[in-house]
Amino acid sequence: MTSRPTGTLAQRKRQLVADELTQAALGLLARGGFDAVTVDEIAAAAGVSKRTFFRYFASKEDVVVQFLTGLGTAMREELTSRPAPEPPSTALRHTVWRSIDACAGQTERTLRVVQLILGTPALLARFLERQAQWREELAAEVAGRLGLDPATELYPRLAAGMALTAFHTVLQRWSESDGTEDPAALTDGCFAVIAPALDAVVGE
């Protein structure tokens, strides 16, 4: 996933270099494994110096975090754009599907990146950290849609947490099947289980 070209010319050039480094790193890491690939190899693949790499990223982990950041941004944008009258389960299904499709609907390399993240303890820890951040952001949006106070009501965080558990479960099952399981069917299956709880607040 790459960022949209916005900002000044210098900012766009910087983003272009960051995107090239990210793509080169994810490709190498997916093929060679997190521990085996060096920063020197990533820099060489992107056509930049090692010094340039460290101007953009503090570590190999941070490259993967850049990829994860894109997933979180996509989910926030999707939930914000959903129609206000839509049931919570429908809105949240579309929200997580936006990022699931960004992974599962892309290239073979993206599957390997997801497998790399889920199979590398350091990267999985960063992924879970990101999900905790996304939960708070999605909870705030859910609360706003339903006129609830996220500081006092349990529902917003629970709803966001259930949606993100579905997101993680789908990616895990898809990854473990080596891409053979249908992510759309997995997503539908997860939300069939949690939809009654998500929509119960609407009838209160």
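Q: How many salt bridges does a search of the whole structure find?
A: This is a predicted model, and a search of the whole structure finds 14 salt bridges in it.

Q: Which side chain meets E61 in a salt bridge?
A: The side chain of E61 pairs with that of R126, and the distance from N to O is 2.9 Å.

Q: Where in the chain do those two residues sit?
A: E61 belongs to helix α4 and R126 to helix α7, so that this pair links distant parts of the chain, 65 residues apart.

Q: And why can side chains pair like that at all?
A: Side chains of opposite charge can pair when their charged atoms come close.

Q: Okay, changing topic to the helices: at what angle do the axes of α4 and α6 cross?
A: Helix α4, which covers residues 60-81, and helix α6, which covers residues 108-119, have axes that cross at roughly 115° and come within 12 Å. Angles of 65 to 115 degrees count as roughly perpendicular, and therefore α4 and α6 are described as roughly perpendicular to each other.

Q: Is the crossing of α4 past α6 left-handed or right-handed?
A: The crossing in which α4 passes α6 is left-handed.

Q: Which residues make the contact there?
A: On the α4 side the contact is made by V64, F67 and L68, while α6 contributes T110, V113 and I117. Sorted by class, this contact of α4 with α6 has five nonpolar residues, one polar residue and no charged ones.

Q: What about α6 and α7, at what angle do they pack?
A: α6 and helix α7, which runs over residues 121-146, pack at an angle of about 95°, and their axes are 5 Å apart. These two helices, α6 and α7, are therefore roughly perpendicular to each other.

Q: Which residues make that contact, and how many are nonpolar, polar or charged?
A: From α6 the contact uses L116, I117, L118 and G119, and from α7 it uses P121, L123, L124 and F127. By class, the contact of α6 with α7 has seven nonpolar residues, one polar residue and no charged residues.

Terms used: Residues numbered from 1 in each chain as written. Predicted model: local features only at pLDDT ≥ 70, side-chain atom pairs only at ≥ 80, totals over all residues. Heavy atoms only, no water. Axes fitted to C-alpha atoms, helices over the stretch in contact; angles between N-to-C directions. Helix = DSSP H or I, 4+ residues; strand = E, 2+ residues; numbered from the N terminus. Parallel < 35°, antiparallel > 145°, perpendicular 65-115°, else oblique. Left-handed = near helix turned anticlockwise from the far one by under 90°. Contact = heavy atoms within 4.5 Å. Nonpolar A, V, L, I, M, F, W, Y, C, P; charged D, E, K, R; others polar. Salt bridge = Lys/Arg side-chain N within 4 Å of Asp/Glu carboxyl O.
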